[in-house]
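Let us read a structure together, one feature at a time.

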Amino acid sequence: MVTSLPYFAFIAVPALAALACPFAARIKPRYADILANTALAVGLLTALSFIPEIAKPLTLQAWNMGTGLSVFNNDVFSLLMLITVYMVALCTAFYSIFHEMPDGRRGVWNALILVCAAAMCGVAAARDFFTLYVFVEVTAVASYALIAFEDRRESTEGALKYFFLTAPASTFIVLGVALLMLYTGGTSFGHLAQAMSSSGAGDSAVAIILGVMACGFMVKAGLVPFHGWTPDAYQSAPAPVSALLSGVVTKAAGVYALIRIALALRVIYPAHAANAVGQALMFFGALSIVIGALGAVYQRDFKRMLAFSSISQVGYIVLAAGAGTPLALAGALFHLFNHATFKTALFLNSAAVEKQTGTTDMRKLGGLEARMPWTALTSNIAILSTAGIPPLSGFWSKLIIIVALWKAGLQSYAAIAIFASVLTLAYFILMQSRVFFGKTPEHLAKVSEARAGMLLPPILLAAVMIAIGFYFPLLFSNLVEPAAKAFL
Amino acid sequence: MNISGSSFWLLAVVAIPVFGSFLIPLAGLAARKTDKHLALLLGAFTFFAASMVLLSVARGEAVSWHLSLPLAFDLQLDADYLSAFMGVVSSSISAIIIYYSQGYITAQRGHTEYYSIVTLFLGAMMGLVYSMNLIWMFVFWEITAICSWRLVGYYRGEKELQKANKTFLVTVFGALCLLLGIISIYAANGTVDLRHLKGETIPDFAVLMLLLGIFSKSATLPFSTWLPDAGVAPSPVTALLHAAVLVKIGVYAFARIFCATVQLDPVWSTFVLFIAGMSALVSGGAALIETDIKRIIAYSTISQIGFIFLGLAAMNRIGVAGALLYILMHGVAKAGLFLCAGIIEHKAHTKDITKMGGLFTAMPVTAVSFGLCAFSVMGIPPFGGFFSKFMVFRGAASFGHPGIVVLFLIGAVLTLVYLLRVFYAVFLGPQRPLAVTAGARAHEAPVQMVASVALLGTLSLLLGIFVYYPSHYLEVLCSQIGIILP
């Protein structure tokens, strides 16, 4: 039996809900919350319900700007992406219920989150680079609005920085897409593969097209040396938005496309990364790992440190994608999902800390463990998972990445990836001992734990991390490996 | 899944403390004192289950349990002579330490977390001991690192946090070296299952990386400084780290990988012997001039670990059997010393031995127990420590390199000197002004604490008198497992 995954519904349902949100909010502001959460929860459950089906031949109705719907087989990668998008968006929307804002703006807020989620589903559903580009831009526009939502000076600045620094990226992407069109007569992933495998294809032309596009997507992914916008945008955005941005937006807008490019490269370079674009991806990935981690060590602000940590962790994903072996790609996808869980949990916790204490400046915090035990516990789990300490989920994805790099003959990159974990751990325990560990200073003695609803998403995410940590095939065998196999 | 009786105990000895540790906070929420009782129950059960496993192994049954995972990362638990022995040693000492904690920890804040982490620690140790897959050894290895981080920082002061972070970073750095070694074995030999690696050779790079990991965990010379610093932890925790679990992980991993599985080149053996000898000597010297009682005992651990490496790296039967016996004897005696130090600190409110003196009259049981354990560590016959030290030296002597043996003999003399110094300064000697006031109030500690140290002191003596049984077992062990030892 062939199962078809209704991509169109995954995009249309949140988009329609977004349209309805402002009207619902007019009746009662809370209706917008309920609507957004219901739409996202239903989407997540539907996406999860396809997991048992992936053993069978899976047909995906994918969205293609030129021809409307088109059908592709066994693309579990897109399903994995959909699940990640819905998971993080649902956590953000659920957390927003408790986020303070004027009642009149709840409708717009939820609509923006839904638009963002719908656009990211569009990215996952796209089957050509032009469609992908369009949805990436929709995601970006929704993100600008969300970052600047609170109308503070810093958040406007962050949003503008994001806008101005990623606008050239869009130019690069369009340029790449145009060149692709010129060269191969189409923009779909299939065309790219064809162009690369056909005998007439010169390596340099393909390398230039892919290189130009990769540059654009690296900016969107916030990789070093294009990372200038990320710390400011993450720090100044309203707290739940930072979770959305770091957890899934940079991945949908940048990393996903980079992995797609890496997949296209596999067509002509099946063994390992012998090509210029793959080399460049690995180089910038490794650079991001190190620079991001070093940058994080010097941060004094909780959210800013998390932003640098995101840069570093995205570096792992891109490094593995650049290596391009099936195992490395599996590791990249696995880490992509894991990073979404732990970084979302950490940003939501930073939001809880900000709400309860009024600051994210680590010099003014300390000893919150006694006052906010659940926030501290889930943060610790997320931190250890990020640093790749077993038995948590992050360990397994990093292990697979490192094993894959080693097997592909890239020992030096493997060593960088391993020892960057010490740096990751260093900045995180620094942060942990400044915020949670230690004795509670007097001015924080009256801080109380966040509300149960705000704690729920981090607790669930921490449970996911522990469950995958103790039994990693839970995700690996069900989703990641089939996705990586389907590429072959 | 079909589980035979003995395999059930094997699974239980790992799973019950690991998952039970998550129940302790729930028990702590339910009623205030249930947490410590549950922890004691779990500790005692782990010891019982480990003993059952040992009995099955001694009867010659094959005891194993296995969970298939992708990429050959199977969780493979196997009990053989070596792992069953180590499991019983660690779990028995841990159970005594948990019993001791009942008197030491309860009055203080955060005790639920304490009991939970200690139990998790014990479970991770059991997992590490019985794992036959290097990846899973690494997983459990790192769980112990997390646990030691939380426990060393238990008091949450500025200094404690620094030391806890240092402990964590140093051991994780070493662990990542170990991971790099494991991955290079995986790439070169295609497997990380120790049963398949038996008799194989592994790349030199992997050997170096594994050794770095082992040295960092066992606090051997280049990485030794975290261990004395970790003394800021509560005394039962330091006892746990030094005697039962943490530093013994390194030597166990060495025995498991290099004595029981792959052939170690004699060049590497000499390298290990040299490092261990330097480590024994330097830390012995440090123990001589230190005045903080817990730091002295910590330096003593570093130096005694050197002796264990001496026996293991000698690569002959008598040396390896001696080293394993050393793990047992040193574990019992060192746990006793730290727990005594805990009682002294608890009562005299200082760790500085220059401010103590004449405490013998105030706490006779503690003093006698301390003495018994100290004699065992020094290696005075007929205490247990004598036999292990003797066997280790005999093994080393037949390996060659008389220079290294001399190095260790000096180390042994140093042990004698610094432990006598501590005993004299604390229990005998003149009563110092500060100690008079402290000593006047200082009487014996709660019954759990005194009973624990008395038990450990008695064990140190009894294990020496009845040394035939463990040493016979270890002789069988050395002929049963592993590569052919001369």
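**Reading a two-chain model**

Q: Which hand does the crossing of helix 14 of chain B and helix 15 of chain B have?

A: The crossing of helix 14 of chain B and helix 15 of chain B is left-handed. Keep in mind that this is a predicted model.

Q: At what angle do helix 14 of chain B and helix 15 of chain B pack, and how far apart are their axes?

A: An angle between helices runs from 0 to 180 degrees, taken between N-to-C directions. Here helix 14 (residues 317–348) of chain B and helix 15 (residues 364–378) of chain B pack at about 145°. Their axes are 9 Å apart.

Q: Which residues of helix 14 of chain B and helix 15 of chain B make the contact?

A: From helix 14 of chain B come B:Met329, B:His330, B:Ala333, B:Lys334, B:Gly336, B:Leu337, B:Cys340 and B:Ile343. Helix 15 of chain B gives B:Thr366, B:Ser369, B:Phe370, B:Cys373, B:Ala374, B:Ser376 and B:Val377. By type, the contact of these two helices divides into nine nonpolar, five polar and one charged.

Q: Stepping back, how many helices and strands are there in chain A?

A: Chain A has 19 helices and three strands. Its radius of gyration is 21 Å, close to the 23 Å that the globule rule gives for 488 residues, so chain A is as compact as a globular protein of that length. Along its principal axes, the C-alpha trace of chain A spans about 70 × 55 × 45 Å.

Q: How many helices and strands are there in chain B?

A: Chain B has 20 helices and two strands. The C-alpha trace of chain B spans about 65 × 60 × 40 Å along its principal axes.

Q: What share of the residues of chain A count as buried?

A: The test is a neighbour count: 20 or more other C-beta atoms within 10 Å make a residue buried. In chain A, 61% of the 488 residues count as buried. In chain B, buried residues make up 63% of the 486.

Q: What share of the contacts in chain B join residues at least 24 apart?

A: Look at contacts between residues at least 6 apart in sequence; in chain B, 82% of them join residues at least 24 apart. For chain A, with a separation of 6 or more, the share from residues 24 or more positions apart is 80%.

Q: Where does B:Val88 lie, and which residues is it in contact with?

A: B:Val88 lies in helix 3 (residues 81–104) of chain B. It counts as buried because it has 21 C-beta neighbours inside 10 Å. Leaving aside neighbours within four places in sequence, B:Val88 is in contact with B:Ala50, B:Ser51 and B:Leu54. Take B:Ala50: it is 38 residues from B:Val88 along the chain, yet their C-alpha atoms are separated by 5.4 Å.

Q: Which residues touch the most other members of the largest nonpolar core?

A: A core is a set of buried nonpolar residues joined through C-beta atoms. The largest one has 398 residues, and A:Val85, A:Leu258, A:Leu333, A:Leu405 and B:Val53 touch the most other members. Helix 14 of chain B gives the largest share of this core, 21 residues. A:Leu333 touches A:Phe77, A:Leu80, A:Val480, A:Ala483 and A:Ala484, not counting residues up to four places away in sequence.

Q: How many residues does the contact take from chain B and from chain A?

A: The contact takes 23 residues from chain B and 25 residues from chain A. On the chain B side, helix 5 (134–152) and helix 6 (158–189) are the elements that give two or more residues. The largest share, 13 residues, comes from helix 6 of chain B. That side divides into 17 nonpolar, four polar and two charged.

Q: Where are cis peptide bonds found?

A: Check omega. One cis bond joins A:Val224 and A:Pro225, with omega about 5°. A:Pro225 is in the loop between helix 8 (203–221) and helix 9 (229–236) of chain A. Another cis bond joins B:Pro381 and B:Pro382, again with omega about 5°. B:Pro382 is in the loop between helix 15 and helix 16 (384–399) of chain B.

Q: Is A:Asp151 buried or exposed?

A: A:Asp151 counts as exposed, with 8 C-beta neighbours inside 10 Å. It has a positive phi of about 60° although it is not a glycine. B:Met315 also has a positive phi of about 60°, but B:Met315 is buried, with 23 other C-beta atoms within 10 Å.

Note on methods:
Residues numbered from 1 in each chain as written. Chains lettered and ligands numbered in written order. Predicted model: local features only at pLDDT ≥ 70, side-chain atom pairs only at ≥ 80, totals over all residues. Helix = DSSP H or I, 4+ residues; strand = E, 2+ residues; numbered from the N terminus. Rg over C-alpha atoms; globule rule 2.2 N^0.38 Å. Buried ≥ 20, exposed ≤ 12 C-beta atoms within 10 Å, placed from the backbone. Contact = placed C-beta atoms within 7 Å. Nonpolar A, V, L, I, M, F, W, Y, C, P; charged D, E, K, R; others polar. Core = buried A, V, L, I, M, F, W, Y, C linked by C-beta atoms within 7 Å. Left-handed = near helix turned anticlockwise from the far one by under 90°.
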